[in-house]
Amino acid sequence: MQIIYWLLIALMMVGIIGAVVPGVPGISLILVAVIIWGIVKGSFAAIEIPVIVTGVVLLIGTAVDFLAGYLGAKKAGASKWGQIGSFVGLLLGFFGLLPTLPVGGPLLGMLIGPLLGAIVGEFIYQRKLLVALKAGIGIFVGTLVGNLIQGILGITAVVIFVWTTWSQVFGT
């Protein structure tokens, strides 16, 4: 039972990383691990609080993700073109279609891609480099803040899980 518990906590750690890193499953992975623990224990009562907390965290995290990017874009004066460019840049960075970078690979591409995509999208729309740079940075910063908040929410969900289930495994 302890081995399964530790494997699920390891899976949750991957979920925390995924909450911060774009393109990697995040809080939803934590929720899956909580549900697996409930199945292993054969009882919903064993995971009632963690499921509720993680479900709420998932909803809040999703809202924060969209809201942070939107607010960052709005604060910087970005248009829909900048937001679309940011998304395209994320995809290109993830799949390695950006020019080859000497270090970082897809992870760095997923961080730099949205910034470059937002700048290019905004420049295509407004034809003003400084405005495009400002919009790109605004979208990038908003997205980073959203990811950090999601990471904190993910940590909260894991802490609640461990706090409520530790005694089920170790009896203390």
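# Helix packing and aromatic pairs

Author: Tyr5, Trp6, Trp37, Phe161, Trp166 and Phe170 form one aromatic cluster. Rings of Phe, Tyr and Trp (its six-membered ring) pair if their centres lie within 6.5 Å; planes under 30 degrees apart count as stacked, over 60 as edge-to-face and the rest as tilted.

Reader: What kind of model is this?

Author: The model is predicted: local features need pLDDT of at least 70, side-chain atom pairs count only at pLDDT 80 or more, and totals for chains, interfaces and linings use all residues. Residues are numbered from 1 along each chain as its sequence is written, and side-chain values use heavy atoms, with hydrogens and water left out.

Reader: How many helices and strands are there?

Author: The chain has six helices and zero strands. Both are DSSP runs numbered from the N terminus: helices are H or I with at least four residues, strands E with at least two. The C-alpha atoms fill a box of roughly 65 × 35 × 20 Å along the principal axes.

Reader: Back to the rings. How many aromatic pairs?

Author: The count comes to nine. In one of them, the ring centres of tyrosine 5 and phenylalanine 170 are 6.0 Å apart with planes at 80°, so the pair is edge-to-face. Tyrosine 5 is in helix α1 and phenylalanine 170 in helix α6, 165 residues apart.

Reader: Is tyrosine 5 buried or exposed?

Author: Tyrosine 5 is buried, with a relative accessible area of 0%. Phenylalanine 170 is partly exposed at 26%. Buried means under 20% relative accessible area, exposed over 50% and partly exposed in between, with a 1.4 Å probe and protein chains only.

Reader: And tryptophan 6, what does it pair with?

Author: Tryptophan 6 forms an edge-to-face pair with tryptophan 166, 5.8 Å centre to centre and 80° between the planes. Tryptophan 6 is partly exposed, with a relative accessible area of 43%, and tryptophan 166 is partly exposed at 30%.

Reader: How do α1 and α6 pack?

Author: Helix α1 (residues 2–20) and helix α6 (residues 129–170) pack at about 170°, with their axes 8 Å apart. Axes are lines fitted to C-alpha atoms, for helices over the stretch in contact, and angles run from 0 to 180 degrees between N-to-C directions. The two helices are therefore roughly antiparallel; that label needs an angle over 145 degrees, while under 35 is roughly parallel, 65 to 115 roughly perpendicular and the rest oblique.

Reader: What sort of residues make up that contact?

Author: The contact residues divide into 15 nonpolar, six polar and no charged. Ala, Val, Leu, Ile, Met, Phe, Trp, Tyr, Cys and Pro count as nonpolar, Asp, Glu, Lys and Arg as charged, and the others, Gly among them, as polar.

Reader: Which residues touch the most other members of the largest nonpolar core?

Author: Of its 20 residues, Tyr5, Met12, Ile30, Val34, Trp37, Ile47 and Phe161 do. Helix α1 gives the most to this core, with six residues. A nonpolar core is a set of buried Ala, Val, Leu, Ile, Met, Phe, Trp, Tyr and Cys residues joined through side-chain atoms within 4.5 Å.

Reader: What is valine 34 in contact with?

Author: Leaving aside neighbours within four places in sequence, valine 34 is in contact (heavy atoms within 4.5 Å) with Met12, Ile47, Pro50, Val51, Thr54 and Phe161.

Reader: Where does serine 86 lie?

Author: Serine 86 lies in helix α4 (residues 80–94). Serine 86 is buried, with a relative accessible area of 8%.
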